[in-house]
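Come along if you like.

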Amino acid sequence: MFHLKKLEDEYADELVDPIRSIAARRVVLGRDEKRLKDAIEFYGELKSAARSPQVASVPNGPGRVRALANFHEQQQRNTTLPDEVARLIIRLRLWLHRQGANVSRDGAVLWPDAQPMVRYDNELQQVLTLVRIQAGLLTTIERRPLDTAKMVTAFSGPGFAIYVVSAEGNLHVSSHSAGLRHHSSLLAGAPVACAGEIKVDNGRIMMLTNKSGHYVPAPFYLAQVIRHFAQQGIAPDSYPVKAFTKAGIAGQYYNSAREFLQATIVPILPVVPAPPPVVAPDVQNPFGYAGSTGLDFVSNPRYVDPPADLPRLKGEYVYEIPGFG
């Protein structure tokens with residue numbers, strides 16, 4: 001029922017090319033290592049400056065009041081800035097630690113301990129990442145509400161996890177570690193219905209994206225998974241979405257999954273069980289749905305080409321998404 005996306009060519013042989021995994025890990029962890037070192041150095045400069053007495057140097061006459069106000073505002077910033085930098089240092093250390101890196105006191109990554117190969121989960125291990133949808137909530141195999149607070153991704157940081165949806169519609173969620181655990185790890189490189197990042201709080205989706213450098217799924221794949229989630233009881237109005245059109249491009253934020261669906265190649269979800277009458281597809285109505293009565297589907301007026309491998313029928317694309325085709 002799902003259209004599936006294969007791994008991009010550059011990752012197709014990552015299991016037999018450990019050098020690539022090590023290089024990717026060095027790039028990602030090296031980036032965060034530099035940020036951590038810079039933050040530690042800046043924190044030291046701030047603490048050193050705080051120990052030096054600050055004397056206001058303001059002119060007499062016009063402008064004195066404003067100059068005094070600026071001086072006190074700067075003093076206030078100097079008081080709060082070290083705390084902000086300290087929180088950043090803690091966040092970066094946590095970020096690196098959750099990706100499996102050991103970090104020295106001065107912020108250096110201990111590289112001999114940070115170079116494992118990418119691991120692919122076998123069928124038994126895949127059970128451990130399986131997430132079920134029960135009463136509109138995401139639950140673990142222990143039937144506890146899923147929470148990604150202690151997970152991490154290299155892109156979004158602590159609090160996020162990576163996910164894939166299998167050809168059967170099963171959701172798998174895991175923490176991410178560059179060079180060790182990727183989207184490809186969760187289903188051992190198999191094609192997926194969608195892949196991306198997810199943030200979950202006590203079983204409720206707080207953010208869903210299609211951000212995956214390994215699969216690079218088009219927004220179409222995200223749309224079919226959102227529809228699948230809705231059929232399992234997760235309301236499309238209950239969580240925001242960030243859609244990426246290609247690797248390296250900033251994503252487009254949507255306040256809700258429904259808003260995203262309205263802007264992409266599929267119509268919004270029905271609010272009544274029965275679909276509207278089907279009409280012949282044409283340029284103005286490429287999806288073959290009747291107009292909205294306020295209680296049924298609303299056809300999307302913006303036509304966007306779906307993935308090139310979708311079947312055609314009389315010159316028009318056929319969408320085999322459950323509930324849409």
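**Entry 1: the hairpin.** I started with strand 1 and strand 2, which form a hairpin with two residues between them. In the turn, Ala-135 has a positive phi of about 55 degrees. I am reading a predicted model here, so that angle is a predicted one too. Strand 1 covers residues 130–134, and strand 2 covers residues 137–139. The two pair in the antiparallel sense over three bridges.

Entry 2: Strand 6 (residues 171–174) does, running antiparallel to strand 1 and joined to it by two bridges. Here I noted Val-131, which stands opposite Leu-171 in strand 6.

Entry 3: In what order do the strands of the open sheet lie? I wrote down 2-1-6-5-7-8-9-10, eight strands with mixed pairing. Strand 2 and strand 10 (252–254) stand at the edges with a single partner strand each, so one side of each has no neighbour in the sheet. The twist averages 35 degrees from one strand to the next.

I then followed strand 6 to strand 5 (residues 161–165): four bridges join the two, again antiparallel. The bridge partner of Ile-162 in strand 6 is Ser-174. A reminder to myself for looking at side chains: in a regular strand they alternate between the two faces of the sheet.

**Entry 4: the helix on the sheet.** Helix 5 (residues 219–231) packs on the sheet. I listed what it touches: strand 1, strand 5, strand 6, strand 7 (194–201), strand 8 (204–209) and strand 9 (241–243). The direction of helix 5 makes about 165 degrees with that of strand 8.

I also checked the length of helix 5. Its 13 residues reach 19 Å from the first C-alpha to the last, close to the 18 Å expected at 1.5 Å a residue.

Is helix 5 enclosed or left open by the rest of the structure? Eleven of its 13 residues are buried, so it is largely enclosed. The buried residues include Pro-219, Phe-220, Tyr-221 and Phe-229, and also Arg-227 and His-228. After helix 5 comes Gly-233, with a positive phi near 105 degrees.

**Entry 5: a serine in a loop.** I went back to the loop between strand 5 and strand 6, where Ser-166 is found. Is Ser-166 buried or exposed? Its relative accessible area is 4%, and since the cut-off for buried is under 20%, Ser-166 counts as buried. Its side chain makes a polar contact with the side chain of Glu-168 at 3.1 Å. Leaving out residues up to four places away in sequence, Ser-166 touches Phe-2, Leu-187 and Ala-193.

**Entry 6: salt bridges.** How many salt bridges does the structure hold? I have six in my notes, and I looked up several of them.

- Lys-5 pairs with Glu-8, with the closest N and O atoms 2.6 Å apart. Lys-5 is buried at 15% relative accessible area, whereas Glu-8 is partly exposed at 28%.
- Asp-32 pairs with Arg-35, the closest N and O atoms being 3.7 Å apart. Both lie in helix 1 (residues 18–50), three residues apart, about one turn of the helix. Asp-32 is buried, with 0% relative accessible area, while Arg-35 is partly exposed at 37%.
- Asp-121 and Arg-181 meet at 2.9 Å, N to O. Asp-121 lies in the loop between helix 2 (64–98) and helix 3 (123–129), and Arg-181 in the loop between strand 6 and helix 4 (183–186), so the pair ties together parts that are 60 residues apart in sequence. Both Asp-121 and Arg-181 are buried.

**Entry 7: the chain as a whole.** I ended with the totals. The chain has six helices and twelve strands. Of its 325 residues, 43% are buried. Among contacts with a separation of 6 or more, 62% come from residues 24 or more positions apart.

How values were computed
Residues are numbered from 1 along each chain as its sequence is written. This is a predicted model: local features need pLDDT of at least 70, side-chain atom pairs count only at pLDDT 80 or more; totals for chains, interfaces and linings use all residues. Side-chain values use heavy atoms; hydrogens and water are left out. Two strands pair if DSSP finds at least two bridges between them. Axes are lines fitted to C-alpha atoms, for helices over the stretch in contact, and angles run from 0 to 180 degrees between N-to-C directions. Contact means heavy atoms within 4.5 Å. The expected span of a helix is 1.5 Å times one less than its number of residues. Buried means under 20% relative accessible area, exposed over 50%, partly exposed in between (1.4 Å probe, protein chains only). A polar contact is a pair of N or O atoms within 3.5 Å; within protein, one must be able to donate a hydrogen and the other to accept it, and residues adjacent in sequence count only if both atoms are side-chain atoms. A salt bridge is a side-chain nitrogen of Lys or Arg within 4 Å of a carboxyl oxygen of Asp or Glu.
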